[in-house]
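Visitor: I have a new model on screen. Can you walk me through it?

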Amino acid sequence: MTATQRESAHAKINLYLHVTGRRADGYHLLDSVAVFAGAADVLEVEIAARQGAALDLRIDGMFGAGLVGDDTTNLVVRAASALRAWVGADAAALPSLDAVLHKELPVASGIGGGSADAAAALRTVMRAWNLNLPRAELINIATGLGADVPVCLDQVPTRMSGIGEILRPAPVMPQCGMMLVNCGMSVSTPAIFRARKGGFSPAPDLPARWDTLSDMVATLSGLNNDLEEAACEVCPTIREVLSALRAAPGCRFARMSGSGATCFALFDTPEAADLAQDAVARPGWWVWSGDLYRKGCAA
Ligand code: C5P
């Protein structure tokens, strides 16, 4: 690794999210299909001319204001610390790193921005330090940083279960357009889990593939985001966002992602999603439209 390394940290969207149980430690067991949108934060990492395996982080971008790079709670910093701890005493000889995080995804918004940043940091720092972690070890470290971090490592459509650490391929799915809308309110994940009423939903049987968007929408319509109702209680504007999306021309399906408040809509094509932007936009809302992220394709 020589020049600046850039890693895109794509928004994670939960097409559905069933809460299937609860662990003794309070974490919830989930079943979900996560996909990734073209929208992304970008992490840039450069090897510094000093040793000690420290990561120095600066944050900018549309949603970077008020986020503090040297805050040890920042998941990028914590990802580097976790890898340093894995290396142990030998880490003292590793180079330190200068990182810049361009924060373009809304924070605390149900699309895994912080988790995607942490996963991008794990990928980049492993490369910078030439670390070859066994996959199980990497998943362990990722899960320790956050339940959504493992799925963000590969950024491909994934069926996730456990608290987010059990990963299997998602049904093969068609390309389609997507819109993301966030009403500008941060939502706390623990608060939404606490506010959730109702029992547990089973993990559904899913087909091996969805050949068309209609097939995919037919399946998704029979499933839920079990956190949506609680999130709408805490942040009623989410209902407005969902109504605006469902009324938009060409919208085939809309739902909240993760613990909210960001909602997504599916369209036949990215162009159809782009065309619907004006019908959805409201002052203060973040609206993104484009493609599902396909690894190796558009960033
Ligand atoms: O793992 P992460 O830090 O993203 O989770 C934040 C909080 O969300 C947890 O402390 C927990 O309260 C809740 N959570 C949960 N079950 C999950 C994921 C998160 O209860 N599977």
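This is a predicted model: local features need pLDDT of at least 70, side-chain atom pairs count only at pLDDT 80 or more; totals for chains, interfaces and linings use all residues.

Visitor: Where does the ligand sit?

Guide: In the largest pocket.

Visitor: Which residues surround the ligand?

Guide: G26, Y27, H28, L30, G146, A147, I163, T189, P190 and F193.

Visitor: And by class, what does the shell around the ligand have?

Guide: Six nonpolar residues, four polar ones and no charged ones.

Visitor: Which elements each supply at least two residues of that shell?

Guide: β2 (28-51) and α5 (189-195) do. The most comes from α5, which gives three residues.

Visitor: Why does the ligand lie between the two domains?

Guide: Because domain 1 (5-168) and domain 2 (171-291) both contribute residues to the shell around the ligand.

Visitor: What about A147: how far is its backbone N or O atom from an oxygen atom of the ligand?

Guide: 2.8 Å, and that is a backbone atom of A147.

Visitor: How much of the ligand does the protein bury?

Guide: The protein buries 72% of the 450 Å² that the ligand exposes when taken alone.

Visitor: New topic, the backbone. Which peptide bond is cis?

Guide: The one from G260 to A261, with omega near 5°. A261 is placed in the loop between β8 (253-256) and β9 (263-267).

Visitor: What about phi of N130, positive or negative?

Guide: Positive, near 55°, and N130 is a residue other than glycine.

Visitor: Where is N130 placed?

Guide: In the loop that runs between α2 (113-128) and α3 (135-145).

Methods. Residues are numbered from 1 along each chain as its sequence is written. Side-chain values use heavy atoms; hydrogens and water are left out. A residue is near a molecule or strand if one of its heavy atoms lies within 4 Å of it. A polar contact is a pair of N or O atoms within 3.5 Å; within protein, one must be able to donate a hydrogen and the other to accept it, and residues adjacent in sequence count only if both atoms are side-chain atoms. Accessible areas come from the Shrake-Rupley method with a 1.4 Å probe; for residues, only the protein chains shown count as cover. On a 1 Å grid over the protein atoms alone, a cavity is a set of points where a 1.4 Å probe fits but cannot get out, and a pocket is an open set with protein on both sides within 12 Å along at least five of seven lines; lining residues have an atom within 4 Å of a point. A molecule sits in a cavity or pocket if more than half of its atoms lie within 2 Å of its grid points. Helices (H or I, at least four residues) and strands (E, at least two) are DSSP runs, numbered from the N terminus. Ala, Val, Leu, Ile, Met, Phe, Trp, Tyr, Cys and Pro count as nonpolar, Asp, Glu, Lys and Arg as charged, and the others, Gly among them, as polar. Domain bounds come from an automatic or database domain assignment.
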